[in-house]
Amino acid sequence: LPVQVSLAPVLRRHRMEVLATVRDVSEQHRVLEQLRHSESRFRGAIETMLNPFVIASAVRAEGSIVDFQVEFVNASAQAVLGALAAAPLRSTLSQIAPKPVFDDVLRQFARVIETGGALDLREASAGRWTPGRERFIDLYATRLGDGLACTWRDVTAQVRLRAEIRRAAHQFEAAFERAPIGVAMVGTDLTIRRANRSFSDMLVAAPGSLDGRSWTELTDPLDADRAEQTLREVLPGSIGSDQSEIHFRGSDGQAVWVALSATRV
């Protein structure tokens, strides 16, 4: 039985005795044990997070928030901030973040404390925290007393990859539409998904009028089976590509000899 004992000397009948008061503190011990258990679980969960996690307190001057001081960092945050500060723990935001990044972050962090609303940024520019190219992060911060808890992840690779994909798509579009030869994208059902202008001109068709038409509709009946067989072998990858000469039938009914090259994409 955990108890709290208070001892005090008392003089009684010319004899010095001790007055002892005893109070049961079982409930306090139970609560403290629960807190220690919760804190242990919290630290275990936070330390194993792959994303950096930081708890920071507000630094005030004349009532205004002028900086933030780091109070807790997990292992991931220690690794990231260690490159920016010799001792991340107890360092301040102004020591870690370069200007003008500091001014922007300070303003947004201060708003979290003043309003109580969470900060949720997606693919936000983090400026040049480290030498080299600009970084991008997803960041989430929420108020914690007169401070905040903050976690983030670096999404620079995803942002750059998406930019590369957009650039590649733009280059493809330019090459597809401006190619001086006929180019068509054909689906597994042998339906033309897209045809460029040169292909339409070759068959004396209006731009876009070939989209959605069956590949076999465009070929001369004498070559239809062979053209279909070629595509059905290329599409599943039975053969890598094929080159042949076949008859197309233009919109004006005239036969058009073409050199056909088919490749699976």
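Trainee: So contact means heavy atoms within 4.5 Å. Which parts do the buried residues of helix 8 pack against?

Mentor: They pack against strand 8 (184–186), helix 7 (215–218), strand 10 (241–249) and strand 11 (255–263). Helices (H or I, at least four residues) and strands (E, at least two) are DSSP runs, numbered from the N terminus. This is a predicted model, where local features need pLDDT of at least 70, side-chain atom pairs need 80 or more, and totals for chains, interfaces and linings use all residues. Residues are numbered from 1 along each chain as its sequence is written, and side-chain values use heavy atoms, without hydrogens or water.

Trainee: Which residues of helix 8 are buried?

Mentor: Asp223, Ala224, Ala227, Thr230, Leu231 and Val234. Buried is under 20% relative accessible area, exposed is over 50%, and partly exposed is in between (1.4 Å probe, protein chains only).

Trainee: Where do they sit around the axis?

Mentor: On the same side of helix 8, because their arc is only 140°. That arc is taken from the directions from the helix axis to the C-beta atoms.

Trainee: New topic. How many salt bridges does the structure hold?

Mentor: It holds 16. Each one is a side-chain nitrogen of Lys or Arg within 4 Å of a carboxyl oxygen of Asp or Glu.

Trainee: Which residue does arginine 107 meet in a salt bridge?

Mentor: Aspartate 104, at 2.6 Å from N to O. Both are in helix 4 (residues 101–115), three residues apart, so about one helical turn separates them.

Trainee: What about glutamate 173 and arginine 194?

Mentor: Their side chains form a salt bridge of 2.9 Å, N to O. Glutamate 173 lies in helix 5 (residues 156–178) and arginine 194 in strand 9 (residues 192–195), so the pair ties together parts 21 residues apart in sequence. Glutamate 173 is partly exposed at 34%. Arginine 194 is partly exposed too, at 26%.

Trainee: Which residues are linked in a network of salt bridges?

Mentor: Asp120, Arg122, Asp138 and Arg153. Within that network, arginine 122 and aspartate 120 meet at 3.2 Å, N to O.

Trainee: How accessible are arginine 122 and aspartate 120?

Mentor: Arginine 122 is exposed, with a relative accessible area of 56%. Aspartate 120 is partly exposed, at 43%.
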